[in-house]
Amino acid sequence: MTYKIDELITLLECEVKGDAKVNITGLSPFFQAEEGEVTFASDEKFLKKLDETKASVVIVPFGMVLPENGKTYLLVKDNPRVLMPKLLAFFKRKLKKMEKLVEESAIIGEGTTIGINAYIGHDVKLGKNVMIYPNVTICEGVEIGDNTIIYPNVTIREFCKIGKECVIQPGAVIGSDGFGFVKVNGNNTKIDQIGSVILEDFVEIGANTTIDRGTIGNTVIKKYTKIDNLVQIAHNDIIGQNCLIISQVGIAGSTEVGDNTTLGGQVGVAGHIKIGSNVMVGAKSGIIGNVDDNQVLAGHPLMNLKDDLKVKAAQKKLPELLKRVKELEKKL
């Protein structure tokens with residue numbers, strides 16, 4: 001799908017530097033954007049790296065000194081982040097009306113089985129030998145690879161992509177809206193979530209696990225990663241290859257997890273951080289900052305597993321130690 005830049009210029013009430021006739025294909029995050037797409041540089045971190053984005057059009061604050069690099073710049077008077085709700089609404093794809101349990105435009109691969117009361121949306125593409133159990137909802141534009149199994153009561157929202165030989169356990173939700181809100185006149189106001197979810201090949205998603213779509217760009221679960229029941233993966237997270245995410249883990253938005261990493265049960269992970277590859281984190285730990293590769297960690301604050309075990313052992317002795325301290329204070 002293409003958009004006319006003139007419509008975007010009118011929407012944002014901005015000035016243009018560069019080619020004002022370029023066609024655009026969508027909105028994308030700064031470093032993930034491809035040629036033909038629009039992105040925005042809202043602060044100094046991005047403004048210093050304007051040559052590093054592949055986007056054809058960049059939205060920047062008014063009055064900036066801009067490089068001559070062949071890109072088109074839209075100079076806005078408001079902070080680009082304030083304009084985000086308008087941008088998301090502009091680029092949100094229009095959905096077709098639901099008419100039949102299996103829409104006529106859906107493409108069903110050879111050997112694929114669809115259970116009773118399952119909904120298969122417009123322009124869905126199901127590969128060969130896909131197994132769709134009863135009461136599954138597969139929304140418009142979803143693509144599912146060969147030999148994937150979708151168990152009962154799963155919902156896969158519009159435009160998500162599921163690889164081959166994946167397993168999605170009952171009740172999982174793929175592509176729910178990310179938790180995106182802005183303050184408008186003091187009130188929490190929803191902003192559109194126009195990204196998607198990509199599950200690569202051989203991924204398994206546990207029962208009642210939820211994976212949010214990206215606000216812009218995609219949430220990605222890479223191949224051979226296995227996610228347990230009751231896990232929350234937030235918008236724009238990228239989970240590496242061959243990871244194990246155990247039950248009740250919660251990962252906040254825009255966090256990256258490296259390859260071969262294991263997060264134990266009930267681990268909480270903050271947003272906008274990077275966790276390295278070959279990392280193991282013990283159950284009920286809290287991760288609030290970046291984590292380097294090749295570590296075994298636990299606790300909150302996070303520390304080496306052996307140190308965390310020593311801390312926990314010492315905690316058991318605290319009542320006795322406090323009693324001894326009080327006795328010593330009396331003697332003094």
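**Entry 1. Parallel sheet**

I began with Lys161, which stands opposite Ile198 in E22. The model I am reading is predicted: local features need pLDDT of at least 70 and side-chain atom pairs count only at pLDDT 80 or more, while totals for chains, interfaces and linings use all residues. Residues are numbered from 1 along each chain as its sequence is written, and side-chain values use heavy atoms, with hydrogens and water left out.

I then looked up the strands around this position. Strand E17 (residues 161-162) pairs with strand E22 (residues 196-199) in the parallel sense, over 2 bridges. I take pairing to require at least two DSSP bridges between two strands; strands (E, at least two residues) and helices (H or I, at least four) are DSSP runs numbered from the N terminus. Strands E17 and E22 belong to an open sheet of 9 strands with parallel pairing, in the order E8-E11-E14-E17-E22-E25-E28-E31-E34. Strand E8 (107-108) and strand E34 (274-275) are at the edges with a single partner strand each, so one side of each has no neighbour in the sheet.

**Entry 2. Strand E7**

I use buried for under 20% relative accessible area, exposed for over 50% and partly exposed for values in between, with a 1.4 Å probe and protein chains only. Which residues cover the two faces of E7? I find Thr72, Leu74 and Val76 on one side, and Tyr73 and Leu75 on the other. In a regular strand, side chains alternate between the two faces of the sheet.

I noted two neighbours of E7. Strand E2 (residues 15-17) is joined to E7 by 3 bridges and runs antiparallel, with Glu15 opposite Leu75. Strand E6 (residues 57-61) is joined to E7 by 5 bridges and runs parallel, with Ile59 opposite Leu74.

**Entry 3. Nonpolar cores**

I define a nonpolar core as a set of buried Ala, Val, Leu, Ile, Met, Phe, Trp, Tyr and Cys residues joined through side-chain atoms within 4.5 Å. The largest one has 45 residues, of which Ile138, Ile156, Ile168 and Ile174 touch the most other members. I listed the contacts (heavy atoms within 4.5 Å) of Ile156, leaving aside neighbours within four places in sequence: Thr137, Ile138, Cys139, Val142, Ile144, Ile150, Ile162, Ile168 and Ile174. Another core of 24 residues lies apart from the largest one, and includes Leu12, Cys14, Val38 and Ile194.

**Entry 4. Salt bridges**

I count a salt bridge where a side-chain nitrogen of Lys or Arg lies within 4 Å of a carboxyl oxygen of Asp or Glu; the structure holds 8.

Arg157 and Glu158 form one at 2.8 Å, N to O. Arg157 is partly exposed at 23% relative accessible area, whereas Glu158 is buried at 13%.

Asp177 and Lys190 form another, with the closest N and O atoms 3.0 Å apart. This pair links distant parts of the chain, 13 residues apart: Asp177 is in the loop between strand E19 (173-176) and strand E20 (181-184), and Lys190 is in strand E21 (residues 187-190). Both are partly exposed, Asp177 at 27% and Lys190 at 46%.

What separates Lys312 and Asp308 along helix H4? I find about one helical turn, because the two are 4 residues apart in that helix (residues 305-316). Lys312 is partly exposed at 40%, and Asp308 is buried at 6%. Finally, I recorded that salt bridges with shared partners join Arg157, Glu158, Asp177 and Lys190 into one network.
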